[in-house]
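Here are my notes on the model you sent. Please read them with the coordinates open.

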Amino acid sequence: MPEQTGIRQLRGQLTSLVRRAGAGERIVITIGGRAVAQLGPVEPARLEVTIDDLAARGLLEVARRGDRPAEPDVRVDAWTGGRLDRALREVRGA
């Protein structure tokens, strides 16, 4: 769980807290005991999400078979509401 700090403490220790956030720590800022903001590291702006990213987040399970690698230039937009089984058939050429 991220550390919580009040707004008054933030004012007094801003430089230290920003350095900690830059090092990867997340710090929740509270006002009157209620969380209102968060300090944390800047995450790189990535336009493409990789399969490894999705697997790390638990959003998909990595294939158990490695004998059918996808061609690197094939892209399938799975977020359009299309059926995944149809997309797989199309990619595999079946």
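1. Surface. The protein chain exposes about 8,300 Å², and carbon and sulfur atoms supply 52% of that area. Accessible areas come from the Shrake-Rupley method with a 1.4 Å probe, and for residues only the protein chains shown count as cover.

2. Basis. This is a predicted model, in which local features need pLDDT of at least 70 and side-chain atom pairs count only at pLDDT 80 or more, while totals for chains, interfaces and linings use all residues. Residues are numbered from 1 along each chain as its sequence is written, and side-chain values use heavy atoms, with hydrogens and water left out.

3. Layout. The protein chain has 4 helices and 3 strands. Their order along the sequence is β-α-α-β-β-α-α. Helices (H or I, at least four residues) and strands (E, at least two) are DSSP runs, numbered from the N terminus.

4. Of the 94 residues in the protein chain, 12% are buried. Buried means under 20% relative accessible area, exposed over 50%, and partly exposed in between (1.4 Å probe, protein chains only). Take the contacts with a separation of 6 or more: residues 24 or more positions apart account for 25% of them. A contact means heavy atoms within 4.5 Å.

5. Strands β2 (residues 27-31) and β3 (residues 34-39) pair in the antiparallel sense over 5 bridges. Pairing requires that DSSP finds at least two bridges between two strands. V28 has Q38 in β3 as its bridge partner. The hairpin leaves 2 residues between β2 and β3, and G32 in the turn has a positive phi of about 60 degrees.

6. T5. This residue lies in strand β1 (residues 3-6). Is T5 buried or exposed? T5 is buried, because its relative accessible area is 1%. Beyond its neighbours within four places in sequence, T5 is in contact with L10, L17, I27, V28, I29 and T30. The T5 side chain also makes a polar contact with the side chain of Q9 (2.7 Å). A polar contact is a pair of N or O atoms within 3.5 Å; within protein, one must be able to donate a hydrogen and the other to accept it, and residues adjacent in sequence count only if both atoms are side-chain atoms.

7. A55. Helix α3 (residues 51-56) holds A55. A55 is partly exposed, with a relative accessible area of 24%. Leaving aside neighbours within four places in sequence, A55 is in contact with L60 and V62. V62 sits in the loop between α3 and α4 (84-92).
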